[in-house]
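Please read these notes with the model open beside you, taking each point in turn and finding the residues as they are named.

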Amino acid sequence: MRSVPVPGEAAVPGEPEGPEEPGQKESEDPGQRPRDHRVAVLGAGAIARDHVAALAGVAGMQLAHVVDRHPERAAALAALAEGATWSTDPASAWSDGIDVTAVCTSPESHAEFSVAALQAGRAVLLEKPAALKVADVDRVLAAAEAAGRPLLVAQTARFQPVHLEIARAVAEGAIGTPRLAHLTWYTGHVWPGGWRGWQLNPARSGGHVAHNGVHALDLLTWLMDDEPVRVFARPCRTWAPGMPTPDSFQILVRFAGGALATVELCYALAARGTFVRRLVLSGTAGTLHHSSEDEPRAHSAPPVAPASIDGAMTEQTRHLRDVLDGVAAPLTAPHQVRAALAAALAAQLSADEGRPVDVKEVR
């Protein structure tokens, strides 16, 4: 059997069985846990708001503070949690009284803020991509090791119900050693004006292939339990030709052990909120596969996120709590964080230059 780690394998005292609905607060006797973990959220954009909603749904986690350079945004987000304060000073996100710093700023600042928080003795929940250079993610990982504090990179695809189920099956040996993967994610999201400026600026986001491709590459690095070594990416402007960045892309991936993967990502379906998700994972002893098209919610109107991916942020927050309580190790292992980011940066380079790229070229 393979050793793919999966959250939730060890029961936590007082933990209810089965998944919670997103935003639903766990019913639990507060006396069964240590005090709440106080979280500061650095950044007050859309992803930060998602994290705040998830915190509200997990017992033992408390939004204590919000930081953003725009006072009105910081104040509005802090107002969602009773007693939370706000500031425009980044250092207040790792000040006394804070247990966890959630770094939800644009990616070019991830390394700087994460290292500062870790050196101040705080645990860090770091939005993806973890950094924009391999050298910078190495600094973050080294700071976490030196501080002896938890670092969890917010690769939420790992926490989607279907992927947790597949990971458990792989760990139990259902398909032997994975050798071939085909992943397709189509969603209605990106249209002209639909993304803010930093997402369209490669110097701040890393480029679309790196920024969003890291989700798929991290998931496959985890499920394959192997390291990507060579990639070839092709960017496409499909249904949103007016965008200043490709709305869709494909990545071919070769892993160190010889396994192969094909990744197709599209963020430009006409109806915002539409999802089509497919994953085929074949190994030496069998095949696992899933398609969101087989789910009733895939055909609802208006579009509703498939149950197979819903609630991932809440599950990730629950896992973070268990890490802080000392009953789980961060699911995003350091070597996987580095490998997935390096592969994503290599894929961006491949898309930009139109050639296959060895991951070791990226520094």
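1. Glu 315 counts as buried at 18% relative accessibility, where buried means under 20% relative accessible area, exposed over 50%, and partly exposed in between (1.4 Å probe, protein chains only). Its salt-bridge partner is Arg 318, with the closest N and O atoms 2.8 Å apart; a salt bridge here is a side-chain nitrogen of Lys or Arg within 4 Å of a carboxyl oxygen of Asp or Glu. Arg 318 is buried as well, with a relative accessible area of 6%.

2. Both residues lie in helix α9 (residues 312-324), three residues apart, about one turn of the helix; helices (H or I, at least four residues) and strands (E, at least two) are DSSP runs, numbered from the N terminus. An α-helix has 3.6 residues a turn, so residues three or four places apart point the same way.

3. This is a predicted model, in which local features need pLDDT of at least 70 and side-chain atom pairs count only at pLDDT 80 or more, while totals for chains, interfaces and linings use all residues. Residues are numbered from 1 along each chain as its sequence is written, and side-chain values use heavy atoms, with hydrogens and water left out.

4. The structure holds 13 salt bridges. One of them joins Asp 99 to Arg 35, the closest N and O atoms being 2.9 Å apart. Asp 99 lies in the loop between β3 (85-87) and β4 (100-103) and Arg 35 in the segment before β1 (37-42), so this pair ties together parts that are 64 residues apart in sequence. Asp 99 is buried at 16% relative accessibility, whereas Arg 35 is exposed at 56%.
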